[in-house]
Every structure is written in C-alpha cells, then in structure tokens.
Amino acid sequence: MEVIILKDPLEVSKLAAAHVVHQVQQKPMSCLGLATGSTPKNMYELLCQYYEQGKVDFSRVTSFNLDEYVGLASHHPASYGSYMEENLFRFINIRKENCHIPNGMAEDVPKECQSYEEKIQKAGGIDLQILGIGTDGHIAFNEPSSSLSSRTRLKTLTEQTRNDNRHFFAEEEEVPVHVITMGVGTIMEARKILLLATGEKKADAIAKTVEGPVTAMVPSSILQFHSKVALVIDEAAARLLTRKDYYRWVYMQKPPWQKQIADSFL
Ligand code: F6R
C-alpha cells in the first residue's frame, strides 16, 4: 500500500488528475471507476482543463461510477448523475453511452445491480478506480459491517454518512436512506486504485485503513490486500498515521522513473 502525503488538497487533486491523464494516455480505451463527493471535485476541474488544453482525449474512455441514491432521478440536482454531468462529463469528449452510473430509479433494484456488474465485466473490468473515503471508513457506500466480498447491491446509509452528505441537498430535502453501490469485492477487482482523502475529518479513517487491522468494520482496510493501491492524502488527513515519516521517506526515495507522472504535473 503506497501512502503519498502531500501539502494540501490542491496537490492531492493535481496528482490524482495526473494519474488519470497518464492512464488514458497509456491506454486510450481505459475503463475508469469514478467517485463523487467533495474530495474529487477539484481533480475533475483539472481534468476538464487538461482536456481543454489538448493534453488528454476521453473519446474512447468508458466510465463506471461507484454509486447512486435510490429514488433520485439522474436529473435531480443532488444525484450523482447530475454531479458527474456538472463536474466532468459535459466539459470533456467522453461519449454519453460510455458513461455508466447505477440507475437510482430502477424498479427492479437487484436486476439493476446484476446488470451493472455485467456491464463492468463486459467492458473488460476497471483499469483505474478513483475512491474517496467516508469518515467511518466506507468506500463507495459500503458502510461498516459490509461484506468484504460484496458485489453491487442496495445498501442502507448510516446516519453519520447521511449527515456528512446533507450539504449536497436543499434544506427542506431528506438525504435518501438507500443507495445502489458497487460492492467491496467489485472495487477490489479494479487493476489499480487511487484513494483520495483530504482534511482532518478523514484522519481517523485513514489511520485505520493503513495501520489498523483488516476488518469489515472499516471497509477501506481491505485495500491492504490490493497489490496496486495508492492513498493520496494531504497533511491533515495524514495526522494520525504513526509511520508518517516513513511514508514520506519512501516517496522521496522513489527512483525518477517512478516519480515521472507526479513531477510532470505538480
Ligand atoms: C462517492 C462515494 C463515497 C465518497 C465518500 C467521501 O461516490 O463513493 O464513498 O467518496 O463519502 O465523500 P466526500 O469526498 O464528500 O468526503
């Protein structure tokens, strides 16, 4: 597990965007796994800029989002469909038919989940998965106690997650209780994973993810079993890591060919 500690959220976004650009340049038909929420917003903004500047071409890229609220139509302002449209899709040349987000309005939820899994398989699996992390250690919306081999399915959000996400909704609106989310097992099949975390609120979850035991009570801790995962975090999110200095040292000692992607963008 690689832990990359950077100065602030902007540096985190820059490095994450650099990885996405690098991935698409290396493999134009890449399949990207995408996250929503506050953390990756700035990364998406940078990706839009890099597209504008002609640095990256998304025309052959396929994407799969991690999750969607049940009961929100894709045009609802707080849906992840709207989020992706507003933060990325409408600004780049990705083809609409190649962008996949679970259908929160599906009448038959288990069928929708099964079909989502099949679409990921058919696309050849996810090359690069971008993840955020919840304050309770959730990845996608796999809340504590989620099966570590779970697949795309219906989940019930904790009150903590609903509170954390309340700011995305209008004042009079309730945060939905249910979501459709990729499972932990689905996420673990991605070839590479980049988890982004910024801010003090994520420090506890990050410490447990990296240095705690692997447990369903902290779903992100399963990433310890993934052979190609990097946590790109800022100083505030790194605060509770006991081996911070070692992780910094490892990053500083990287041979130039490993640091290439980062250096060309930071
Ligand atoms: C969103 C998702 C969630 C978020 C997490 C952190 O698609 O899957 O796991 O990544 O809740 O959200 P923020 O970035 O808003 O703190």
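Let us start inside the protein. Strand β2 (residues 31-34) is covered on both faces, with Cys31 and Gly33 buried on one side and Leu32 and Leu34 buried on the other. Here, buried means under 20% relative accessible area, exposed means over 50%, and partly exposed lies in between (1.4 Å probe, protein chains only). In a regular strand the side chains alternate between the two faces of the sheet.

This is a predicted model, in which local features need pLDDT of at least 70 and side-chain atom pairs count only at pLDDT 80 or more, while totals for chains, interfaces and linings use all residues. Residues are numbered from 1 along each chain as its sequence is written, and side-chain values use heavy atoms, with hydrogens and water left out. The names of helices (H or I, at least four residues) and strands (E, at least two) come from DSSP runs, numbered from the N terminus.

Which way do β2 and strand β3 (residues 62-65) pair, parallel or antiparallel? They pair in the parallel sense, over four bridges. Two strands pair if DSSP finds at least two bridges between them. Glycine 33 has phenylalanine 64 of β3 as its bridge partner.

## The seven-stranded sheet

Now zoom out. Seven strands form an open sheet with parallel pairing, in the order β1-β10-β9-β6-β2-β3-β5. At the edges stand β1 (2-6) and β5 (99-100); each has a single partner strand, so one side of each is left without a neighbour in the sheet.

Contact means heavy atoms within 4.5 Å. Axes are lines fitted to C-alpha atoms, for helices over the stretch in contact, and angles run from 0 to 180 degrees between N-to-C directions.

## The three-stranded sheet

There is also an open sheet of three strands, in the order β4-β8-β7, with antiparallel pairing. Its edge strands are β4 (67-69) and β7, each of which pairs on one side only. On average, neighbouring strands of this sheet are turned by 30° against each other, direction ignored.

Look at β7 (153-156) and strand β8 (residues 178-181), which run antiparallel and are joined by four bridges.

## Helices α2 and α3

How do helix α2 (residues 41-52) and helix α3 (residues 80-87) meet? Their axes come within 9 Å and cross at roughly 40°. That makes α2 oblique to α3; angles under 35 degrees count as roughly parallel, over 145 as roughly antiparallel, 65 to 115 as roughly perpendicular and the rest as oblique. Lys41, Tyr44 and Cys48 of α2 make the contact with Tyr83, Met84 and Asn87 of α3. By class, the contact has four nonpolar, one polar and one charged residues. In this scheme Ala, Val, Leu, Ile, Met, Phe, Trp, Tyr, Cys and Pro are nonpolar, Asp, Glu, Lys and Arg are charged, and the others, Gly among them, are polar.

Six of the eight residues of α3 are buried, so α3 is largely enclosed by the rest of the structure. The buried residues are Tyr80, Gly81, Ser82, Tyr83, Met84 and Asn87. What covers them includes β2, α2, β3 and β4.

Helix α9 (residues 244-252) has Lys244, Tyr247 and Tyr251 as its buried residues. They cover an arc of only 65° around the axis, which puts them on the same side of α9; the arc is that of the directions from the helix axis to the C-beta atoms. On the other side of α9, Asp245 and Met252 are exposed. An α-helix has 3.6 residues a turn, so residues three or four places apart point the same way.

## Residues to look up in the loops

Alanine 140 sits in the loop between β6 (128-131) and β7. Its phi is near 50°, a positive value in a residue other than glycine, and at 8% relative accessibility alanine 140 counts as buried. Serine 145 lies in the loop between β6 and β7, with a positive phi near 90°.

Asparagine 103 belongs to the loop between β5 and α4 and is partly exposed, with a relative accessible area of 36%. Not counting residues up to four places away in sequence, asparagine 103 touches Glu112 and Ile180.
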